[in-house]
Amino acid sequence: SRADLESANLQDAWLGEANLRYAKLTSANLHGAELGGCTLEHSNLANANLSEAKLKLADLHRASLYDAELERACLDGANLCGSYLLYANLRDASLQETRFDEATVLPDGTNWTSNTDMSRFTEAQHPNFAAYDGPDATIFKERKRLLSKKKL
């Protein structure tokens, strides 16, 4: 709890059922990590690489996933109520029985509602796909441009 793991390399780590409540995991590499059942409530995962991470049944209540890489991540049954997903990449992520609420901020800056079609963030073939690259990705390209300027 409250660990400072900013920029930590935890690729493929097994952290199942760990208590990472209020942890600072900004820019951490959690690619392929096992986080099933992990408590990440109020954690800061901004800019973290969670691609292919296993977050089944994880508690991400009020977590910041700002600009996080969640491509091909498994979030089945996870609690994302109140989470901040602005600019997060959810392409090909699995969201079966994932919980959201009206306080959840989605990748495009809108709030989740009971009518939200989450497949527009996960399935590239969706007619209203919120693209992360390509000609229709202006919001995400703008964010990446601002980030790259900041790093210079």
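This briefing walks through the fold, the core, the aromatic rings and a few individual residues of the structure above.

The model is predicted, so local features need pLDDT of at least 70 and side-chain atom pairs count only at pLDDT 80 or more, while totals for chains, interfaces and linings use all residues. Residues are numbered from 1 along each chain as its sequence is written, and side-chain values use heavy atoms, with hydrogens and water left out. The protein has 152 residues, 51% of them buried, and its secondary structure comes to 2 helices and 0 strands.

**Overall picture**

- Helices and strands here are DSSP runs numbered from the N terminus: a helix is H or I over at least four residues, and a strand is E over at least two.
- Helix α1 spans 119-122, and the segment before α1 holds Asn-89.
- Burial is judged by relative accessible area: buried means under 20%, exposed means over 50%, and partly exposed lies in between (1.4 Å probe, protein chains only).
- The protein exposes about 7700 Å², with carbon and sulfur atoms supplying 46% of that area. Accessible areas come from the Shrake-Rupley method with a 1.4 Å probe; for residues, only the protein chains shown count as cover.
- A contact means heavy atoms within 4.5 Å. Among contacts between residues at least 6 apart in sequence, 10% join residues at least 24 apart.

**The nonpolar core**

- A nonpolar core is a set of buried Ala, Val, Leu, Ile, Met, Phe, Trp, Tyr and Cys residues joined through side-chain atoms within 4.5 Å.
- The largest nonpolar core has 39 residues, and those touching the most other members are Leu-45, Leu-50, Leu-55, Leu-60 and Leu-70.
- Leaving aside residues up to four places away in sequence, Leu-55 touches Leu-35, Gly-36, Leu-40, Leu-60, Leu-70, Cys-74, Leu-75, Asp-76 and Ala-78.

**Cysteines**

- If you are thinking about disulfides, the count comes to 0, where a disulfide is a pair of cysteine sulfur atoms within 2.5 Å.
- Cys-38 counts as buried because its relative accessibility is 1%.
- Cys-81 is buried too, with a relative accessible area of 14%.

**Aromatic rings**

- Rings of Phe, Tyr and Trp (its six-membered ring) pair if their centres lie within 6.5 Å; planes under 30 degrees apart count as stacked, over 60 as edge-to-face and the rest as tilted.
- The structure holds 3 aromatic pairs. Tyr-66 and Tyr-84 form a stacked pair, because their ring centres are 6.0 Å apart and their planes lie at 15°.
- That pair links distant parts of the chain, as Tyr-66 and Tyr-84 are 18 residues apart, each in the segment before α1.
- Tyr-84 is partly exposed, at 34% relative accessibility.
- Tyr-66 also pairs with Tyr-87, this time edge-to-face, at 5.7 Å centre to centre and 75° between the planes. This pair again links distant parts of the chain, with Tyr-66 and Tyr-87 21 residues apart in the segment before α1.
- Tyr-87 counts as buried, at 19% relative accessibility.
- Together, ring pairs link Tyr-66, Tyr-84 and Tyr-87 into a cluster.

**Residues to look up in the viewer**

- Asn-89 counts as buried, at 10% relative accessibility. Its side chain makes a polar contact with the side chain of Glu-69 at 3.0 Å. A polar contact is a pair of N or O atoms within 3.5 Å; within protein, one must be able to donate a hydrogen and the other to accept it, and residues adjacent in sequence count only if both atoms are side-chain atoms.
- Gln-11 is partly exposed, with a relative accessible area of 40%. The C-alpha atoms of Gln-11 and Leu-30 are separated by 4.6 Å, although the two are 19 residues apart along the chain. Not counting residues up to four places away in sequence, Gln-11 touches Asn-29 and His-31.
- Leu-95 counts as buried, at 19% relative accessibility. Beyond residues up to four places away in sequence, Leu-95 touches Leu-75, Asp-76, Phe-100, Met-118 and Thr-122. The C-alpha atoms of Leu-95 and Met-118, 23 residues apart along the chain, are separated by 8.2 Å.

**Positive phi values**

- Ser-27, a residue other than glycine, has a positive phi near 60°. Ser-27 is partly exposed, with a relative accessible area of 39%.
- Glu-52, also a residue other than glycine, has a positive phi near 60°. Glu-52 lies in the segment before α1 and counts as partly exposed, at 32% relative accessibility.
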